[in-house]
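Hi,

Here is the structure I promised to pass on. My notes on the ligand site follow below it.

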Amino acid sequence: MRSMMCMDEVLSLRSRYVISAIHEDDAIVKSMEKSGKTVVKLNLGDPAVYFQTPQYIVNAFTKALQQGMTHYSDPVGLSRLRHAVSERQRRLYRLDSDIDDIIITQGVSEAIMLTNSILVNPRDSGVLFRPYYPQYLPSLEFCMGKGILGDYDEESGWSADIEGLRKRLRAGKRMKYLIVNNPNNPTGSVMERSLLREIAELAKDYGLVLISDEIYDEIVYNGAHFTSISEVAKGIPYIILNGASKVFSATGFRIGFAIVPGSDSVSLSIKSRLRAMSTLRLSASTPAEYAVAEGILNEHEHEISVSRMTTEIARRINNASRLINESEYMHTVLPRGAFYLFPKLDMKRLKFENDREFEQKLLKEEAVHITRGSGFGIADHIRIVALAPEYVMASAIDRINRFCRKHSKR
Ligand SMILES: Cc1ncc(COP(=O)(O)O)c(C=O)c1O
């Protein structure tokens, strides 16, 4: 039997990079719950916990099961669902796509991993803005790639600093792609069309494949208008990632879409490699695909449920933002999309080494589970999922304030 000493010979180097800030303290939460404590969980962006998956979608899932749709699906996805996704993108963003441009994945999470696996060789780089969605970097590093980081600027409402990023991009760094997430997790910002145009130009100037994670596309409020990358990216290869988890409140279905609409040689190769990769995991969940197809095709029911959910999310998030901005210790930019708050902590007034210590002590002392900003690439912030009803959010923010007072330098 091998000793612990030679574990490096047993395990892959790349698996060292796998860490999720969002799940880091799950074991502590489980043991707190085991000892009878109730933990307020504001760490995981799961709308289905608070907004039931619409009944017409649940019915379609049940019907698919009853009709025996429990076999493998096509590796690239059920053609009915790919048709529905193609029609959806046409209706919402006037995108002309074919079902062969679409691959159904087990959530956007799998689409991110598949995309990295077909684009990245060891020592290649991917370009991303911080704060970033925590899965982007480990998925890139798992393929032995490196991240080149640009910044979203908090002072300007988390707008992307394009000029700053241009200075960091140098030829010869084997840069493969630029990934953006709009509407944004964790900041809640929604990109203006002009900014997206600049991002598309930057990708073109450096020959980068542009990846746009649009998983929150229909969850916008406070006067924001969402623009899909397909409306501005002309003549460059790009990949749109989207799925059922957020807009259809169906996280547990595990359905994502990767859309590669281009007919240039790079886009054609990406499609062909994604198709090949999809065969390695056989298929997504067949009944879930039927259900999501119905979710998209029944436009009337979808419109009712998504607008009801978004209105309620806006109310909850605006209320939580107000409470946070009344605090002496935190300040947040008002979100315009998705369902997260990303307040800055006034660390000068608090007796913590860093946001990791803040996160862990808050969990242990107040039973409130948030995620540290450094998990998203930006220190001295925390990410709060603002989906819970107002009384839950209000009580959690009260506890955070009490905790800050207790650990204040004054
Ligand atoms: C920006 C972003 N992309 C992807 C995902 C993963 O989504 P899925 O459930 O489709 O894997 C999330 C989930 O929180 C997300 O916030």
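A term to start with: a polar contact is a pair of N or O atoms within 3.5 Å; within protein, one must be able to donate a hydrogen and the other to accept it, and residues adjacent in sequence count only if both atoms are side-chain atoms. Please keep in mind that this is a predicted model, where local features need pLDDT of at least 70, side-chain atom pairs count only at pLDDT 80 or more, and totals for chains, interfaces and linings use all residues. Residues are numbered from 1 along each chain as its sequence is written, and side-chain values use heavy atoms, with hydrogens and water left out.

Now to the ligand. A polar side-chain atom of tyrosine 216 lies 2.6 Å from a ligand oxygen. Serine 245 also has a side-chain N or O atom 2.6 Å from an oxygen of the ligand, and for lysine 246 the distance from such an atom to a ligand oxygen is 2.7 Å. The protein buries 93% of the 400 Å² that the ligand exposes when taken alone (Shrake-Rupley method, 1.4 Å probe; for residues, only the protein chains shown count as cover).

Helix α5, residues 107–119, gives the most to the shell around the ligand, with 3 residues (helices are DSSP runs of H or I, at least four residues, numbered from the N terminus).

Glutamate 110 is placed in helix α5 too. What does its side chain contact? The partner is the side chain of arginine 281, in a polar contact at 2.9 Å. Glutamate 110 is buried, at 11% relative accessible area (buried means under 20%, with a 1.4 Å probe and protein chains only).

Best wishes

Key: Helix = DSSP H or I, 4+ residues; strand = E, 2+ residues; numbered from the N terminus. Buried < 20%, exposed > 50% of the residue type's maximum accessible area, 1.4 Å probe, protein only.
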